[in-house]
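Welcome, and please open your viewer. We will go from stop to stop, and at each one I will tell you what to select.

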Amino acid sequence: MLSRLKARFKGKVIEPGDPAYEQARVVWNAIADRRPAVIAQCTSPDDVVTAIHFARELGLVVAVRGGGHSVAGFSTCDGGLVIDMSPMREVKVDPSRRRATAQGGAHLSQLDSAAQAHGLVCPVGVVGHTGVAGLTLGGGMGRLQRKLGLTVDNLESVDLITAEGRRLHVTEKENPDLFWGLRGAGANFGIATSFGFRLHPFNGTIFQGVALFPVDRCLEVAERVREFDAAHPDVHIALAFTRAEELGGRVVFAVGSTHAGTVEEAQRDLRAIRELGPLSDTFGPKSYLEIQLVADESMGWGKRFYTKSGFLPELSDDVIEACADLSETIPPDAELSLWAHSGAVGRVPDDAMAYTGRDAAYSISAELQWTDAADDDARIAWGRAAMAALKPHLGTGRYVNDVVEVGTDGAQIYGQVKYERLVALKRKYDPDNFFRLNQNIKP
Ligand SMILES: Cc1cc2nc3c(=O)[nH]c(=O)nc-3n(C[C@H](O)[C@H](O)[C@H](O)COP(=O)(O)OP(=O)(O)OC[C@H]3O[C@@H](n4cnc5c(N)ncnc54)[C@H](O)[C@@H]3O)c2cc1C
């Protein structure tokens, strides 16, 4: 059977027993330890089409892999075909048009460094080895989101191969219905072989850091954060309740920020937080490219990870108090993480695309990392219980890239109206649900 695929396919075809198999089947989250029947490492859009036809002929379940960082493990499977985009990692920048083209297997660090080579930037996520594809198709939150929007707000085109192996160029003007759906529910409709992004001039220096406060000061500090947030809607704010290793595992309230203005502006603006007298403070001017890689090791491959998230209509004292209560039992290497929305994120109308949650003041997530499989149940249970306790404070929508529980109701992720529009799109572009290893929109 495989000989038919190999005859037509230019990339590597890897099956169990092949010396490359054990490495090729690994994805970022060690919990997703699965054994596909075949891994097809694509080198071109033609390879993708060939792999799709092969899977259809054999009736194989298909997992599509970009950067392999799906926390739910959607980019691998047991017994099926992995269409692996990882050899297709090229990023090209056209500085005159301020445009980048990234292939479907590119990593964020490649897009970052290619754009910065021309003094440009596309806002992306905060860990360099994350895949451009999965991040963009779900939304793409990051340090520059309040200034330049989500990654998906800077997406201009997608070259897509559909479930029938058809090639589509998808933009605001060409196949606009699909462009709407790809921006937030994109893993459902096809395989993106390349993305076109709008870039922005950016000198590459940011003022970034984190100030740690004792948890018992969280209400006072949160009050100041709210004032800062309202006064500086374009400045990134990342709050966390976590254990600080450098303080012997003490639970702290961390206030992080990335200011992309001049150093003088940042010094002036961030004084409001820093003058509160934190336990420690790492703020200073830094290289954007270096900060984009700073978590690459701590968030490296091979660990176990769980996350669950939601959107907060406001950063109320009740929420802060609830987080402080939960942090009393927070496991090591875990955090309740809150990122400010609004700014450029809130300036895009919520119905502009499938991504949902624009109206939120903050996103909030429980994030847990550990290494021993024996801890799986306890860590996952803590994350679920924390988000259950916070549920009364949550508003509409969920960030699809943080939804790990398979079979989550799509209306919870997108709201009922958008979900119905997505179902109609799915019926049009993938009526057989060929692409179903994702937060699935059932046709
Ligand atoms: C360490 C880490 C850091 C993260 N940081 C951030 C962050 O800062 N901001 C943020 O918004 N999110 C972040 N995330 C979440 C991240 O956006 C999602 O996990 C995302 O799905 C990863 O994309 P990927 O291509 O690496 O994943 P994959 O596992 O390869 O794919 C994820 C999903 O997209 C589909 N897919 C992959 N490639 C393609 C393609 N070419 N065409 C069509 N579908 C495809 C897959 O089938 C799967 O359903 C982070 C995740 C991790 C693990």
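A word on the model: it is predicted, local features need pLDDT of at least 70, side-chain atom pairs count only at pLDDT 80 or more, and totals for chains, interfaces and linings use all residues. Numbering runs from 1 along each chain as its sequence is written, and side-chain values use heavy atoms, without hydrogens or water.

Helices (H or I, at least four residues) and strands (E, at least two) are DSSP runs, numbered from the N terminus.

Zoom in on the ligand's oxygen atoms. A backbone N or O atom of Gly-66 sits 2.6 Å from one oxygen atom of the ligand, and a polar backbone atom of Gly-68 is 2.8 Å from an oxygen atom of the ligand. At Leu-437, a backbone N or O atom lies 3.3 Å from a ligand oxygen atom. How much of the ligand does the protein bury? Alone, the ligand exposes 940 Å², and the protein buries 94% of that (Shrake-Rupley method, 1.4 Å probe).

Last stop: the aromatic pairs, of which the structure holds 8. Select Trp-28 and Phe-305, an edge-to-face pair with 5.2 Å centre to centre and 70° between the planes. Rings of Phe, Tyr and Trp (its six-membered ring) pair if their centres lie within 6.5 Å, and planes over 60 degrees apart count as edge-to-face. Trp-28 lies in the loop between helix H2 (21-24) and strand E2 (38-41), and Phe-305 in strand E17, 277 residues apart.

Key: A polar contact is a pair of N or O atoms within 3.5 Å; within protein, one must be able to donate a hydrogen and the other to accept it, and residues adjacent in sequence count only if both atoms are side-chain atoms. Rings of Phe, Tyr and Trp (its six-membered ring) pair if their centres lie within 6.5 Å; planes under 30 degrees apart count as stacked, over 60 as edge-to-face and the rest as tilted.
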